[in-house]
Each structure stands twice: as structure tokens, then as C-alpha cells.
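Have a look at the model first, then try each task before reading its solution.

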Amino acid sequence: MKLAAVLAAGASSRFGADKLAADFGGAPVLERTIRAVAASGADDIVCVLPPGATDRMRIAERCGVRTLLNPDAADGLSSSVARAAEEAQRVGAAALLVALGDAPRVPSAHYAALFDRAEAEAGLSFTLARDRRGPPAVFAARRFEDLTRLKGDQGARDMTARAPAGAGVALADALARDIDTPDDLRAALADLAKGG
């Protein structure tokens, strides 16, 4: 069983409002991400949220996905990855996709390719944008325990850094970028309007 976790527990501190609820081409940023993940071939999807994020919870429910609260969200991204890995262990998943809720331009085909590559490449795959390794990424069950021990705001960066080059799945840099500021949103919307 393939589990996908959409990480949506960040504080949006550089955006000045809830970036995940911001409109992105007619739907909230978070909804666009969830819908792309849902078309990836994942069997189950959870949206990792901080306590009290009612708008984000409504978006997830509207998309028909489960929510998973992360009471330690303020500790950084790694705490959300760890919560997702714990959930993957609980449900007996064979693979876990970790996706960023604020990256609405990642196409569903890329998520699907990550699942395929992880199966072929020793249980781990990552996104390669230019020369940068990062999320979204997929981890096989044998790597879940390592994920549950992550700390800080680096996510699984050390794990993907040590992975073989063949575990990378290329993605255009503009599609891989997450939205942190209003300028990021404007740039992504401009690219979207051009069909990019």
C-alpha cells in the first residue's frame, strides 16, 4: 500500500497570511497540491496539519483526504515528516510519499514517477531540480524508522543527500518551487497563466 503525506503544518510566517489557503488558479494552494497527489496512484493520503488549522482542515476534507495533527509543528519540517512516517508504520504502508503542501505546480506524473523510481532504486527516490535534491520524495518501509527520528527543519535532506544519483527524478525548477512569499505566488501564477 502506498501512502502519501501532504505536509501542511508550516506557519506561513514569510507570507503574511495562510499561504496554503491562497488562491492558485481558482483553488487554494493546498487543494491544488492534494489533487495532484491524489492522481499519483497513492492508495491513501493524509494531510499533516498543526492544531487549530481549521481552514486547512476544511480544504483537506473537501478533497476527501484524512488529516493528521502534528502537535510539534513549531519544531520544524522534520516533525511533520516523522509524524507521516509513524502513520505509514501504523497502517502498514510499503512506501511513503512526502509532498510539500505549498508546491502546487508539481504534476501528478512526477509523484507517480517517484513511486516507481523508489521501487527500482533501493527504496528511496527524490526530486532533482537543477542540481538540488529535495522533496517530494518517496521512502520504502525499511526507511520509516529513520524518518521517525528526524529533528529540526531539514526534513529528510541528509537521507536524500546520501542516496544514489539514480534515485533522482528530474523536475523543472519552476515546477518544483514551493511558495513562501507573495512574490513567489505571483511568479507561480504568472507561469501558470503562460501555460508553464
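This is a predicted model: local features need pLDDT of at least 70, side-chain atom pairs count only at pLDDT 80 or more; totals for chains, interfaces and linings use all residues.

**Exercise 1.** Work out how the span of helix H3 compares with the expected one.

*Solution.* Start with the limits: H3 covers residues 77-91, which gives 15 residues. The expected span is 1.5 Å times one less than the number of residues, so 21 Å is expected for H3. Now take the distance from the first C-alpha to the last: 22 Å, close to the expected value.

**Exercise 2.** Find which residues of H3 are buried and what they pack against.

*Solution.* Apply the cut-off: buried means under 20% relative accessible area. In H3 this gives Ser78, Ser79, Ser80, Val81, Ala82, Ala84, Ala85, Glu87 and Ala88. Next, look for their partners: these buried residues pack against strands E1 (2-7), E2 (44-49), E3 (66-69) and E4 (95-100), and against helix H5 (144-148).

**Exercise 3.** Describe the two faces of E4 and its pairing with E1 and E6.

*Solution.* Begin with the side chains. In a regular strand they alternate between the two faces of the sheet. Ala95, Leu97 and Ala99 point one way from E4, while Leu96, Val98 and Leu100 point the other way. Burial comes next: 6 of the 6 residues in E4 are buried. Then turn to the neighbours. E1 and E4 run parallel, joined by 6 bridges, with leucine 7 opposite leucine 100. E4 and E6 (residues 132-140) run antiparallel, joined by 4 bridges, and here alanine 95 stands opposite alanine 140.

How values were computed
Residues are numbered from 1 along each chain as its sequence is written. Side-chain values use heavy atoms; hydrogens and water are left out. Buried means under 20% relative accessible area, exposed over 50%, partly exposed in between (1.4 Å probe, protein chains only). Contact means heavy atoms within 4.5 Å. Two strands pair if DSSP finds at least two bridges between them.
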